[in-house]
Every structure is written in C-alpha cells, then in structure tokens.
Amino acid sequence: MDAARRFGLILPFVACVVAAGCSGGATGRSTPPVATESRVVNAEAAVRSTGPVQLRRYAIDRDKVFVAGISSGGFFGVQMHVAHSATFKGAAIYAGGVYYCALGNIVTALTACGGEGLYAPTLAASEAYLDLQSHSGTIDPESNLRGQPVYLWSGKNDTVVSPHEMDDLNAEYGHYGANIVRYDNAFPAQHGWESPAGELGCGTLGSPFMIRCDSGGGAYDSEAVWMKAFFGQGDRHGRGDRGDRDDRSSGGKLINFDQTAFGASASNSMDTNGYVFVPNGCNGEGDRGGCGLVVAFHGCLQTQADIGTKFITESGINEWAARYHVVVLYPYAVKSATAPLNPNGCWDWWGYDDPNYALKSGTQVSIVYKMVQRLMGH
C-alpha cells in the first residue's frame, strides 16, 4: 500500500483514506486493571435485533462530557473539543493531530499531517488559526482548555500518522494549559485503537485497526487510564480506584439510533444510524444528573460497511462506562464515491464536505453536536 493510501486522504487522481486506530504506552508502569465484559450488551446482537430508534434524553452531568477518537476520528475529536470546549471538558486522542492540521487543504493533510515519511509541522499555523477563531467567536474561547484533562496515544511504529504529529498535539494542548494526564507513546505499536479486546497484535497494521498491546506480562488497558482520569479516583498510572463503585457487573444497553433526525445523510457522508451505550442507572431524564458522557469517533475504514460494530465491541470503552455510569455516543460516518468524495468513510478533518469543517458551524461538527445536545436534555 502506498503512503498516500495508508494515510487516508483523497487526491485528484488517487482515492486514499486513513485506516483508523492507534496505540501507545509507557513500559515499566503498572498495568491498569482490565475491565471485564460482564453483562454489557454485545453490539452485533443489537444490530441484528433492533432497527434505529429516536435518540432520547438522559440525565447527563454537564461537567462530565468528553470526546475520544482514533485517526480521522482523532483529528475530528480534537476539532469537536476545541470548537465546543465549553461543552467538552477533555479528550482522549489516539493517532490524531493538531487542530486544523490540514489547513483546509488535502495536499497539506497528506504531506504534512502524517503518513510514512510525510510529516511537516503545522503547529504554528494551527495555533494562529485557533487563536483567530477563538477571538472571532466561531469556536468557544480557548481559555476553556486550561486545566482540562487530555489523554494522548501514539504508537512508536505508527506508519500512518507520524508520532511527530502527536508530539505536536501534545505541545499544542500544553500551550493552552490543558492537563495531559498521560501521553502514551512508548509501545511498539502500529496504527490502531489500543484495547485489551483488540483482535490484532500491537505491531500489526490492518483491518479492523483494533490492536492489543502487552505491558508487564498482561494486556494493557489504555481506556482504564483515561476513564479513571475523567471519571474515577485512580492515579495517573492506572492504579487503584478501590474506593469507587464497581459497577462493571451491572452492564447496560446498546441502542441503535437514527442519525438522520439530526441532519446526517449521504450528502454529508454520515450514516443513517449510530449507537449509544447506556449503562444501567443512567435512564432518568433531566438537564443535569450523575452520569457522564463520552462521544467516541471511529477512524477511516472503520465504518459499519467495513467492520460492522467492531469499533464498539473491541474499543473497551463500554466496560468502564458501565462501571463509572457513563453514556457513550458512537456516531458513524459512511463511505461516499461521489460528492462529497470520501471513499473510506473518514470524518471530515480536511474540508471534503465543508470549508468551515473545524468550526462550530461545520456540517459534521454541527450534526454531532445536535446529538450531544439531545442526550443532555436540549
């Protein structure tokens, strides 16, 4: 596979899109406990048994709303976080990059923002754009980022999104005063979302881009690190949390919901349906409540057409979400062979659908934000 296709963009003559997933970690640290599946509902079973329903409201604590994402979903997750930093209180980013990294240009996205040997820093331009948009009010004030927790993951052997790009993202979040709870970048990992449930080896590149890395003789659990940091009382190394409620055995329900109610369609390269995981105990309605919320973005080639719901079943998020009472929203993009050209189902982080893609007014950003507002009771 050539570098262009591996990075996952679309050139005028070649359709190339990023494969999704990522990993990373620091050896020598204690291994976080692995969440057991318990009675967490299997996503594939939910797909077979139910059709899309209307997304409903839940009792969400507005101080516990976060984003997560891998690859194109990592870049898009940064966009969502920065654009709506008054709503999102932090982020977990796997193999993504700086805000507005592509600068609205597909060639810049391909040659500067990642790919094997295809990296050039756009950090200064990113921060200048972020400052301008913050001042203009097209995104929330950058001051919101100060003190917000951020988890970062980059595999040492990632040949799709350069580790240097994640180094830049680390620097950018630091520049705006975010609290980097951990930057996992020491595992010999390829491009993929790291989880104890990942079906591929840590150094394997390929579909479904869900990898499993070992640490200290056992499976590493990157989700434990950031879920604890965002919602629990554990320390920065994934240890402890003994005083928290252990709700892992209580499970929850995965719901197939209608995305078209929020404007999703083939015209903006979004699928007709997505999923939301609702833990037991998070079913009450209200503008404010005790449950958290994570919005998790898949990467390119991780659409339902590509891998079904493996991003959900192998991400390892729901098991910790059940423990900490966290609703998890899984929006889905879709492939498109016509305008907007998006043959591998990436999220829009270079402007294939909308030149304002990184702003609050961006088409996909707006659609997902409407879903978030519905979940939060608006």
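Begin with α6, which gives the most to the lining of the largest cavity, three residues. Helices (H or I, at least four residues) and strands (E, at least two) are DSSP runs, numbered from the N terminus. The model is predicted: local features need pLDDT of at least 70, side-chain atom pairs count only at pLDDT 80 or more, and totals for chains, interfaces and linings use all residues. Residues are numbered from 1 along each chain as its sequence is written, and side-chain values use heavy atoms, with hydrogens and water left out.

Next, select V78, V82, Y99, L130, L145, L169, E172, Y173 and Y176, which line the largest cavity. Two or more of the lining residues come from each of α3 (72-83) and α6 (163-175). On a 1 Å grid over the protein atoms alone, a cavity is a set of points where a 1.4 Å probe fits but cannot get out, and lining residues have an atom within 4 Å of a point. By class, eight lining residues are nonpolar, none is polar and one is charged; Ala, Val, Leu, Ile, Met, Phe, Trp, Tyr, Cys and Pro count as nonpolar, Asp, Glu, Lys and Arg as charged, and the others, Gly among them, as polar.

Now go to D354, in the loop between β15 (326-330) and α11 (363-375). D354 has a relative accessible area of 10% and is therefore buried (under 20%, 1.4 Å probe, protein chains only). Show its contacts (heavy atoms within 4.5 Å): leaving aside residues up to four places away in sequence, D354 touches D348, S361, G362 and T363.

How values were computed:
On a 1 Å grid over the protein atoms alone, a cavity is a set of points where a 1.4 Å probe fits but cannot get out, and a pocket is an open set with protein on both sides within 12 Å along at least five of seven lines; lining residues have an atom within 4 Å of a point. Buried means under 20% relative accessible area, exposed over 50%, partly exposed in between (1.4 Å probe, protein chains only).
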